[in-house]
Amino acid sequence: MASSVLSIATQCVSPNASSLSINETHKGKAKLGGSTLRFSKSSGRISMTVAVNVSRFEGIPMAPPDPILGVSEAFRADTNDVKLNLGVGAYRTEELQPYVLNVVKKAENLMLERGDNKEYLPIEGLAAFNKATAELLLGADNPAIKEQRIATVQGLSGTGSLRLGAALIERYFPGSKVLISAPTWGNHKNIFNDARVPWSEYRYYDPRTVGLDFEGMIEDIKAAPEGTFVLLHGCAHNPTGIDPTPEQWEKIADVIQQKNHIPFFDVAYQGFASGSLDEDAASVRLFVARGMEVLVAQSYSKNLGLYAERIGAMNVISSSSESATRVKSQLKRLARPMYSNPPVHGARIVANVVGTPVLFDEWKAEMEMMAGRIKNVRQKLYDSISSKDKSGKDWSFILKQIGMFSYTGLNKNQSDNMTNKWHVYMTKDGRISLAGLSLAKCEYLADAIIDSYHNVS
Ligand code: KET
């Protein structure tokens, strides 16, 4: 009661102090709730000043939990032993433990042996990293690299690199729109919203076929105004796990070229989809080989397991070395007031791994091992579901999808049932991260999916 009176007075007078006049003869100090009341006599009346601890941030509402990272928070709070975190796309071992790659440990040892210092990096990042990352993306002998038509700037992993690309669009292509796939990785919308770049969606996923709506995709890209940026997932589309075929990629490149659009690739899973770095970069290379100008954001979170190191890059492949130089200067100009210059640790790891032939080969083997483990649990999950479910439903889409995820087709209520009843944590769009699943848990997950699919509408 007292506190509500105070808060009304507070709003009327000032955000953090209130004055009330009362006709009583008290003097001194008193405590009321969390506030201190001071009484003093003035011109025959008693004036009471209340220092109320009301925050200036009162008007800031509570933000909802992040649809992906918020799932990990909820998982941590669950005390049930059967719990399973299939929310975030982060690789786990068969024992469901985080995995630090052996090549990463070796690269870190190299850094200690060399006694590398902690000086600031240049705004564009570590030169050896920028060279390595561009070569990994396009292939070392790619003409775009030879002709210095690529502007590469080290970024704060995939997210930070996308954000830098978005800032470039906002500054130099005012009013231009970005077309993103429906559905897409949830953070894409946040990134372009915060960069004030308008976006709309192109059709991608067809729930009837649980496959690609290729016709819809092509129609929507064709219908977009000339010069639209088209956001494409380089491989292992998130969340669907459905990629265009090589022939379909050619057709997508045809329309983008005809419409003078600008492709913007998000490459977060190079080497993780197929186990091969080259195969997973084929989509990007196809566009570059046509001489098209392309934006590419890269991430080393998944393929090198460097999630917390925040290492990636923003690349702009241009038609001339002069414009690439100018673009790079502007990317640096955008980066400087945002975060000044990027962190060195992850950049050195990547540069050491890629630049040391023995480590590079070892990395490829470890990547194949990780991709292989995910393929094994994918197969086992399919086998478990299809042998347990007698309804005749076709679950073969699980095997057709690639990468870290399976897009189960479970709706929000069914996903809630997975979590509330079965302690399986996943995103509400029905995506499960197979990278967080073990062979031992496949039967349990199959039971959870079958129950949620058939018994919840
Ligand atoms: N692009 C895609 C398509 C993507 O899935 C992620 C991460 C990123 C970029 C960015 O990752 P970074 O660590 O900033 O390089 N996806 C997983 C984690 C997350 O949501 O942040 C996920 O989808 O679970």
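The structure holds 1 cavity of 30 Å³ or more, where a cavity is a set of points, on a 1 Å grid over the protein atoms alone, at which a 1.4 Å probe fits but cannot get out. The largest cavity has a volume of about 40 Å³, a volume being the space filled by probe spheres set on grid points that are joined across faces, edges and corners. Its lining consists of Tyr202, Tyr204, Met217, Leu232, His233, His237, Pro244 and Trp249; lining residues have an atom within 4 Å of a point. This lining comprises 6 nonpolar, 2 polar and no charged residues (Ala, Val, Leu, Ile, Met, Phe, Trp, Tyr, Cys and Pro count as nonpolar, Asp, Glu, Lys and Arg as charged, and the others, Gly among them, as polar).

The model is a predicted one, in which local features need pLDDT of at least 70 and side-chain atom pairs count only at pLDDT 80 or more, while totals for chains, interfaces and linings use all residues. Residues are numbered from 1 along each chain as its sequence is written, and side-chain values use heavy atoms, with hydrogens and water left out.

A pocket is an open set of grid points with protein on both sides within 12 Å along at least five of seven lines. For the largest pocket, the volume is about 1000 Å³. Its lining is made up of 46 residues, with Leu69, Val88, Gly89, Lys302 and Tyr307 nearest the centre. Two or more lining residues come from each of helix H2 (69-77), strand E5 (84-85), H6 and helix H7 (187-194); helices (H or I, at least four residues) and strands (E, at least two) are DSSP runs numbered from the N terminus. By class, 20 of the lining residues are nonpolar, 18 polar and 8 charged.

A polar side-chain atom of Ser157 lies 2.5 Å from a ligand oxygen atom, and a backbone N or O atom of Gly158 lies 2.7 Å from an oxygen atom of the ligand. In Lys302, a side-chain N or O atom is 3.2 Å from a nitrogen atom of the ligand. The ligand taken alone exposes 530 Å², of which the protein buries 93% (Shrake-Rupley method, 1.4 Å probe).

Some backbone features lie in loops. The peptide bond from Ala182 to Pro183 is cis, with omega near 0°, and Pro183 is placed in the loop between strand E7 (178-182) and H7. The bond from Asn238 to Pro239 is also cis, with omega near 15°; Pro239 belongs to the loop between strand E11 (229-233) and helix H9 (246-258). Asn260, a residue other than glycine, has a positive phi near 60° and lies in the loop between H9 and strand E12 (262-267).

Notes
Polar contact = N/O pair within 3.5 Å; in protein donor to acceptor, adjacent residues only side chain to side chain.
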